[in-house]
Amino acid sequence: MIYSKQEYYTPAEVAMHNKANDCWVSRNGKVLDLTSWLEQQMKLCRCTKSCSCANKNWYCGSACVEYCSCFKRGFTYCDAKRLAMTILAYAGKDVSHWFKGEEWVKYVHPIVGSEIPYQRHGHGFRQPVVPSTRWRPIVKPWWLDESIVVGKLTSRSRPIKITNTLSGSSVTLEVCSEETIYQIMMRYLPHNSHMHSYTWRHLGKTLAYNRNLEQNGVYDERDLFNELALPENIYVPNLLLYYNDDLTEDPVKEDCLCHNKECRSMPDRCQNV
């Protein structure tokens, strides 16, 4: 068994990370982890704080709201914190519509008549054509930071059924169309950790583990079902697992992931992430 880091993510998996302490977004086919970036943005507000508690104690109640002097100027949040709240509103969602390639979507400014970036969802690192006291420069644009990229967003997710012929148990998983059989095994691993002793087949044909489902002849026919006015889930391809009875055991995983696809999870060859 080859234990590898997850490369592709489904929109449902990205949508699960929708909190301030666990914030992911997808942009142009990439999945970004903005959790650490949000923490830094929240710390950039240096205004003198005051709270809404009726009794000014050394602690605040659960319903306490923190205020700063930016409220007096008509701003809900100040500087970088205001931008962070805009990003947090789209946590777990796709923000590709904000951009055209690597640049922001542009529009014609009604005053100067020039084409400028449309930054309704947050300011950028270039100074606006019309001076504004609300603009603050960004030292390192988050949308160009490759260090926060955790993987790729699948172009199409699909359901797949996996049946263990030895136990008769079946599991239906949502997988990415680009994933190889090895990568699908990683998704199935919590249901069966002893996969070294099984052979994966479909319609009597042994699957090539380094190829994806389409390359193995396991086609996604949901578009055809829609054309025929049939439910998409009327048929889900079934992968059958046959026990080899070779008494082999999977190597110890050691709670690690390997960046190298060819890396096997052995303590002397696997690096912790």
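Reader: Does C176 count as buried or exposed?

Author: Buried means under 20% relative accessible area, exposed means over 50%, and partly exposed lies in between, with a 1.4 Å probe and protein chains only. C176 counts as buried because its relative accessibility is 1%. C23 also counts as buried, at 0%.

Reader: What kind of model is this, and how are residues numbered?

Author: This is a predicted model, in which local features need pLDDT of at least 70 and side-chain atom pairs count only at pLDDT 80 or more, while totals for chains, interfaces and linings use all residues. Residues are numbered from 1 along each chain as its sequence is written, and side-chain values use heavy atoms, with hydrogens and water left out.

Reader: How many disulfides are there?

Author: A disulfide is a covalent bond between the sulfur atoms of two cysteines. Here the test is a pair of cysteine sulfur atoms within 2.5 Å. By that rule the count is zero.

Reader: How many helices and strands does the protein chain have?

Author: Helices (H or I, at least four residues) and strands (E, at least two) are DSSP runs numbered from the N terminus. The protein chain has five helices and 16 strands. Of its 273 residues, 37% are buried.

Reader: Which residues touch the most other members of the largest nonpolar core?

Author: A nonpolar core is a set of buried Ala, Val, Leu, Ile, Met, Phe, Trp, Tyr and Cys residues joined through side-chain atoms within 4.5 Å. The largest one has 19 residues, and I162, Y188, W200, L213 and L239 touch the most other members. At least two residues each come from β12 (157-164), β13 (170-176), α4 (181-188), β14 (198-202) and β16 (238-243). The largest share, five residues, is supplied by α4.

Reader: What is L239 in contact with, beyond its neighbours within four places in sequence?

Author: Contact means heavy atoms within 4.5 Å. With those neighbours left aside, the contacts of L239 include I162, W200, L213 and V218. Another core, of 17 residues, lies apart from the largest one; L32, L83, A84 and I87 are among its members.

Reader: What is the strand order in the open sheet of five strands?

Author: Two strands pair if DSSP finds at least two bridges between them. The order is β1-β11-β4-β3-β2, with mixed pairing. At the edges are β1 (8-9) and β2 (18-19), each of which pairs on one side only. Within the sheet, β3 (residues 22-27) and β4 (residues 30-33) pair in the antiparallel sense over four bridges. W24 stands opposite D33 in β4.

Reader: Where is N28, and what is its phi?

Author: N28 is in the loop between β3 and β4. Its phi is positive, about 50°, although N28 is not a glycine. With a relative accessible area of 35%, N28 is partly exposed.

Reader: Which loop holds L203, and is L203 buried or exposed?

Author: L203 lies in the loop between β14 and β15 (205-206). L203 counts as exposed because its relative accessibility is 76%. Phi of L203 is also positive, near 55°.

Reader: With which side chain does that of S197 make a polar contact?

Author: A polar contact is a pair of N or O atoms within 3.5 Å; within protein, one must be able to donate a hydrogen and the other to accept it, and residues adjacent in sequence count only if both atoms are side-chain atoms. The side chain of S197 makes such a contact with the side chain of H194 (3.0 Å). S197 lies in the loop between α4 and β14 and counts as buried, at 0% relative accessibility. The C-alpha atoms of S197 and N244 are separated by 5.3 Å, although these residues are 47 apart along the chain.
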